[in-house]
Amino acid sequence: MPKDNERGGASKALYITFFFTGLGYLFPFNVLVSDIDFLKESYPSLNLEFIISIAYNIPCVFVLLLLVKFGDRLSFSGRIYTAFGVDLAVLAALAGLRFISISPPLLLWSTVAASIVTGCAAAVVDGTLFGLASKFPSSCVQAVMAAIPLSGTVTGLQKIIIKLVIVSINGGEGEVSEATVETETQLNSRIYFIVSCAMVIVSIVAYSLLRRQREAKAVLNRCNVKAPIQYSVNRRENQALLNDENDPADSKDSRTSESETPHGSLVPGRESFSTASAAHVRAKRRRWAVFKKIWVHGFTVFLSYMIALAVYPGLVSSMKPNDPSFEGWYPIILLTLVQVSDMAGRYLPLLKIPRKVISFNWISAIVRVAFIPLMILCVKPRIFGEVVAIVLVIVSSMSLGFVSTLSMGAAPSLVDEAEEEIAGTLMSFCLNAGLVVGSLIGLGIEAYLIGHV
């Protein structure tokens, strides 16, 4: 892939359209997680954050694996429009349910089902969008990364604003009635889904504008032209490939001219099986070759998000203020700080980062493991006070944004132009795999904290 200085930086229009395209696809997850207050009234003993996170992230990982293998069979636009359409339909249905009275079990299972479906849709957008952005200057990957935490920031700020309004209506009293709390929860829930639907529509419009950009048109047209796949008509050569006797780069079938196999057609009869098998082996080798080039950055992103989900939201929301009367506000402010700091960190890679710093970015990811025990000590046993807790939340979140965005943007520069989409999708897979493992670690940490209360 050409380096950014060889192909020029992304235009402002291209950057903005990538940003707003990436804005909407994580809104469903943030809304579902933020809306658990609506369910906690009926299911106070359930770990709803963990249930929704697992229901969302596990299908996401499997869909990304399918994208790595079969994604290039569908166009970028087909994948993105379909996934956003699914998101919009699910969110609209859930928004409607919030305006009618339904039984708690139906509400719970509809939320879990929505988590699974939107997780699959998010995986399609995630892998496709990073695959597409990887074909442009690294600032386009940064634009997508910067948009991701904005959804969490919006939902956090919304909670703060609505709480301020409720307190104001209550005459500034710290304590509010159960009816007022229920009103606040219902209002938050309804606004969450309405805003989320609006943001998904914004992303659809943004992608439509992205497709019209001159640079994007050229890339999309190039990707939509499928070059004929050329294989040797000689069964012995194809079998040699299957037996690992020839290197794919040097094998004769890679040099076979179109005149020898017009339009890449397979030889009928007994030749077809060995030729198709050779194609399968070649595709597997190509994906493995790409992964070997970017695995360090993949590991960096995996570890970064594993640590993030190990402490957020469970451990962060368990932190308590020194003043008990501030307990209603403290977790909301901390969780909003996580999103704001994360978003700020994702803009740092726009600075000129030396190439040596980027190549050793994995060390930063390993150092970040220290945040887990440090933040546990802000809860049980509580050695650090609220000031240290706030500093740790800000630094850990900002470092997550910086480290992950740096590696997500750097990985595509290590592969050839034809491999950029695979590289982007593989990096997205590493990111989401880190989320799943981090969620499981977070559950273990929560069990430890409950056992030491």
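**A tour of the predicted model**

The structure holds zero disulfides, a disulfide being a pair of cysteine sulfur atoms within 2.5 Å. Select Cys60: Cys60 is in no disulfide, and the nearest cysteine sulfur, that of Cys120, is 7.7 Å away. This is a predicted model, in which local features need pLDDT of at least 70, side-chain atom pairs count only at pLDDT 80 or more, and totals for chains, interfaces and linings use all residues. Residues are numbered from 1 along each chain as its sequence is written, and side-chain values use heavy atoms, with hydrogens and water left out.

Stay on Cys60. Cys60 is buried, with a relative accessible area of 2%; buried means under 20%, exposed over 50%, and partly exposed in between (1.4 Å probe, protein chains only). Cys140 is also buried, at 0%.

Next, select Phe18 and Leu132. These have the most contacts inside the largest nonpolar core, which has 79 residues. Such a core is a set of buried Ala, Val, Leu, Ile, Met, Phe, Trp, Tyr and Cys residues joined through side-chain atoms within 4.5 Å. Helix H7 (residues 104–133) gives this core its largest share, 13 residues; helices (H or I, at least four residues) are DSSP runs, numbered from the N terminus. Beyond its neighbours within four places in sequence, Leu132 is in contact (heavy atoms within 4.5 Å) with Phe18, Phe76, Tyr207, Leu210, Val219 and Leu220.

Now select helix H3 (residues 27–34): eight of its eight residues are buried.

Last, select Leu209 in helix H9 (residues 178–211). Leu209 is partly exposed, at 43% relative accessibility.

Technical notes
Helix = DSSP H or I, 4+ residues; strand = E, 2+ residues; numbered from the N terminus.
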